[in-house]
Amino acid sequence: MKDRLKKGWDMTLRHKYVLVLLFLYRLLWGFFLYRFVDTIVTPILARYPGDHPNADAARLFLVEAQFRILKTDLLNETLLWLGGLLLARMILTPLLNAGVYYSFHRSEDGAGTHVWSGIRLAWKPVTALYWLENALAALPALWLIPLARDRFYSESSLADWLQGLFPYAGLWLVWGFLLHLLFQFMQFGAVSKEGVVNGIGQAVRKGAPLLAVTLAMLGIGIAVSLAASAVALLWSGFLAVALHQAFHFVRSLLTLWTSASQYYVWRET
């Protein structure tokens, strides 16, 4: 496993320009999402009475906020914008994946990266697989959401309701994680022209090393996140904001490193 992670790291360094592209993509996505939420939430919170001497002021604020959300077009507009942002992300993400995975496949010819060529040549199968993966990952929601709604009215407390849903949420998380690993290999097979079926077979045969590499990178990511959170608690103001923005680069680095290491598992004979 150590050798696969090292090879994945070397592949990541050869794609340093792709790393910058992924960083800018995450940074801009986070910025636009933050600005969108800020335009919705800040005007509502600005009317919070704070230390108002009238005890009913906070209750009136909640009534007004509820009226704005439920009785005006605010909710519909918010959901429409969120849907648009999600759709844009689901269009752009598989394009980037196609370019990166194709560049991995062509990395041994010594001609640099091939991201733009990969987007042009492999975007169709990768996009189809990406959308299929997300559809299958969301499929349990058709059963889990009605279950959560029914249990919400039958449980005696919120804690009991959450505790009862926790096992199902855990299984849903595992389902999405395994789907992602399977479709990762299917996308590798698609960009290499070896076929999606070959990717499925590779994922089944190499499930153990694939899982080991992915969990190792997940552990590294969690450790880095905890370290960044601890530093952010000690710092404040501009330094905390700068650290938060810089962490987008670290996340992009870990994402690219994980995909490169998984690619080496797929390529092994």
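Reply: Here is a walk that starts with helix α6 and then moves to other parts of the chain.

A word on the ground rules comes before the tour. This is a predicted model, in which local features need pLDDT of at least 70 and side-chain atom pairs count only at pLDDT 80 or more, while totals for chains, interfaces and linings use all residues. Residues are numbered from 1 along each chain as its sequence is written, and side-chain values use heavy atoms, with hydrogens and water left out.

Let us begin with the whole chain. It has ten helices and zero strands; helices (H or I, at least four residues) and strands (E, at least two) are DSSP runs, numbered from the N terminus. Along the sequence the pattern therefore reads α-α-α-α-α-α-α-α-α-α. The chain has 269 residues, and 33% of them count as buried. Here buried means under 20% relative accessible area, exposed means over 50%, and partly exposed lies in between (1.4 Å probe, protein chains only). Of the contacts in the chain with a separation of 6 or more, 77% join residues 24 or more positions apart, where contact means heavy atoms within 4.5 Å.

Now to α6 itself. At 1.5 Å a residue, its 14 residues should span 20 Å, and its end C-alpha atoms are 20 Å apart, which agrees. The expected span of a helix is 1.5 Å times one less than its number of residues.

Which residues of α6 are buried? They are Ala141, Leu144, Leu147 and Ala148. Looking down the axis of α6, you find these buried residues within an arc of 130°, so they line one face of the helix. The arc is that of the directions from the helix axis to the C-beta atoms. There is a simple rule behind such faces: an α-helix has 3.6 residues a turn, so residues three or four places apart point the same way. On the face of α6 turned away from its buried side sit the exposed residues Leu142, Trp143, Tyr153 and Ser154.

What covers the buried residues of α6? The cover includes α5 and α7. Take α7 next. Two packed helices are described by the angle between their axes and the distance between the axes. Helix α6 (residues 141-154) and helix α7 (residues 158-191) pack at an angle of about 175°, and their axes are 10 Å apart. Axes are lines fitted to C-alpha atoms, for helices over the stretch in contact, and angles run from 0 to 180 degrees between N-to-C directions. The two helices α6 and α7 are therefore roughly antiparallel to each other; angles under 35 degrees count as roughly parallel, over 145 as roughly antiparallel, 65 to 115 as roughly perpendicular and the rest as oblique.

From α6, the contact uses Ala141, Trp143, Leu144, Leu147, Ala148, Arg151 and Phe152, and from α7 it uses Trp161, Gly164, Leu165, Tyr168 and Trp172. These residues divide into ten nonpolar, one polar and one charged. In this count, Ala, Val, Leu, Ile, Met, Phe, Trp, Tyr, Cys and Pro are nonpolar, Asp, Glu, Lys and Arg are charged, and the others, Gly among them, are polar.

The other helix of that cover, α5 (residues 115-138), contains Thr127. Thr127 counts as buried, at 16% relative accessibility. Leaving aside neighbours within four places in sequence, Thr127 is in contact with Pro94 and Leu95. His114 is placed in the loop between α4 (74-105) and α5, and is buried with a relative accessible area of 13%. His114 and Val100 are 14 residues apart in sequence, and their C-alpha atoms are 7.7 Å apart in space.

Lys193 is exposed, with a relative accessible area of 68%. Its phi is near 70°, a positive value in a residue other than glycine. As background, most residues other than glycine have a negative phi. Lys193 and Ala122 are 71 residues apart in sequence, yet 9.3 Å apart in space, C-alpha to C-alpha.

One last stop is Ser259, in helix α10 (residues 238-267). Ser259 counts as buried at 11% relative accessibility. Not counting residues up to four places away in sequence, Ser259 touches Tyr101, Phe104, Gln184 and Phe188.
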